[in-house]
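Work through the exercises below with the sequence and the 3D structure at hand, and try each task before you read its solution.

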Amino acid sequence: MRTTELTDGGHRVIVVAVDKGEDAVSVINDVANRSDIRGARVTGVGGFHTAEVGYFDREARDYVRVAVPEQVEVLSLLGDIAESQGKPALHVHTVLGRRDGTTVGGHLLRGEVWPTLEVIITEVGGNLTKQVDPETGLALLNAPGTQTA
Amino acid sequence: MRTTELTDGGHRVIVVAVDKGEDAVSVINDVANRSDIRGARVTGVGGFHTAEVGYFDREARDYVRVAVPEQVEVLSLLGDIAESQGKPALHVHTVLGRRDGTTVGGHLLRGEVWPTLEVIITEVGGNLTKQVDPETGLALLNAPGTQTA
Amino acid sequence: MRTTELTDGGHRVIVVAVDKGEDAVSVINDVANRSDIRGARVTGVGGFHTAEVGYFDREARDYVRVAVPEQVEVLSLLGDIAESQGKPALHVHTVLGRRDGTTVGGHLLRGEVWPTLEVIITEVGGNLTKQVDPETGLALLNAPGTQTA
C-alpha cells in the first residue's frame, strides 16, 4: 500500500494505491485509522483476485456472505467513513465485473487486490458520526444538524 | 431524514441520512430545494426495501419502469444536481444488489429506504443548468463555458 | 462536447456534457489533455447507444473485449486521471443497465453517447503519477508519499 495525502482548503484528500495480494478492507481501514479520518467519501476502481461481499438479512440481522472466487474488475467501490464508538468506521459497497461482463456486488467484506486498486478518500470538511440502531444492530449514520468547518 | 451541512472553502457538502421508510428521491429533492443546490455531485450507499428504476426508451421518449420489489443493497447511487427551469433538478442512477449478489439498476425513480441511505452531496463550486432537448423531451446538462466561482 | 471549468480553493472542477454520437473515452481524454489534468476523480451518469468494455486477462496480459451493442443507461462511470509518461491518463470503469434492468460492465473502452453523458472531473489537489508494472504491462498508480498542495 502506498498513499499520497493532499491538502486543499480545509480538508484532506488521501489517494491510496492498494497493492497485489493486499485486502482492500484492511488497507482502507488502516489508512483511515492512521490518518484519523472522521468524515469522508470513498471511491475506487481496480481489480480483485478473489472477494467476498455481503447482503444484510433483515430477519437474521446479519450479513449473508457471497463468495466471488475469481478475478474480477472492481467496477465501482463507493461509500463513506464516519466515526463510530470513537474510531473511524468504513462503509463501502462494490460492483464487480466478470470476464463476460456480468456483475455481482454487495457490501464489501473482503477483496484481495490484483493488480491494483486505486482509492480516493475525500474528507467532507467535518466529522460524521454513527450510532447503533437497536432494530438492526448496525451503526447507522447520524447527521443531526449543521456544522461549519 | 437528518442532514449535516458543512462548508469548506467556497462550496457546501451536505450529508444526508435518509431514514427507514422514506423515499430516497423525495428526500434528496427536498434537501436540494431547501438548500437551494444548483450544481453538485451526488453519491450514496445503503439499502432499499423496495425500489423502481427506469430505462429511457428511445422511441417512446419515456422511461420503461422496472420494479424491484425486494430488499436490496444500494451498491451505488451516483449522479448530479443542476438547475432546470429555475429549480434544482436531480439526476441519479443506481445499481442494486440482491441476496445472491446479482444486480439490477437504472435511473432511480423511487427507493423506499431500509435501514439507511447515506448520501453525500458536494457542490461543484458554481451553477450548472439544464435545457430541454427537443428530440427526447429530457432536460440535458448545458455546460457552455468557463466559470470561476 | 461542452465543458464548464470551475475553480474552488486550489483545485478545479470540470463539468463535461458529452453530446449525442460522441465517444465518451475520446472526449474525456481530450478534456484531460486540454485542461492538463494530472490528478482527479471522475464520475458520470447518462446513456450509451453502443459501448465496449474490457476485462483484464491475467494470462494474456490484455483486455478481453465485451461488446454492448444496444442502448444502455450508464449507471456508473467511475475512475481517475493521473499522469503517465508525461501525459494525462484516464482510468474509468462503468456499469451499464439494459431495458430489463440487468447490468453489464467493465473497463470502459468505448461508449457512444446518447442522449447525454454528464461527467464531473474533480482535481484532488496535487499530481498523481502512474508507472508501468513489469508483470502486467499496465500503468499502475504510484502514491509514494505525502504532498501538500
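A cavity is a set of points, on a 1 Å grid over the protein atoms alone, where a 1.4 Å probe fits but cannot get out, and lining residues have an atom within 4 Å of a point. Grid points are joined across faces, edges and corners, and a volume is the space filled by probe spheres set on the points. The model is predicted, local features need pLDDT of at least 70, side-chain atom pairs count only at pLDDT 80 or more, and totals for chains, interfaces and linings use all residues. Residues are numbered from 1 along each chain as its sequence is written, chains are lettered from A in the order in which they are written, and side-chain values use heavy atoms, without hydrogens and water.

**Exercise 1.** Find how much space lies in the largest cavity, and which residues lie nearest its centre.

*Solution.* The search of the whole structure finds 4 cavities of 30 Å³ or more, and the largest cavity holds about 300 Å³ of space. Its lining has 24 residues, and nearest the centre lie A:T122, B:H11, B:T122, C:H11 and C:T122.

**Exercise 2.** Determine how chain C is superposed on chain A.

*Solution.* By least squares on the C-alpha atoms of residues with pLDDT of at least 70 in both copies, a rotation of 120° with 0.0 Å of shift along its axis places chain C on chain A, with an RMSD of 0.0 Å. This is therefore the relation of a three-fold axis.

**Exercise 3.** Describe the contact between chain C and chain B.

*Solution.* With contact meaning heavy atoms within 4.5 Å, 38 residues of chain C touch 45 residues of chain B. Counting a salt bridge as a side-chain nitrogen of Lys or Arg within 4 Å of a carboxyl oxygen of Asp or Glu, there are 4 salt bridges between chain C and chain B, and one of them joins B:D133 and C:K20 at 2.9 Å, N to O.

Notes. 1 Å grid on protein atoms, 1.4 Å probe; cavity = no way out; pocket = protein on both sides within 12 Å on 5 of 7 lines; lining within 4 Å.
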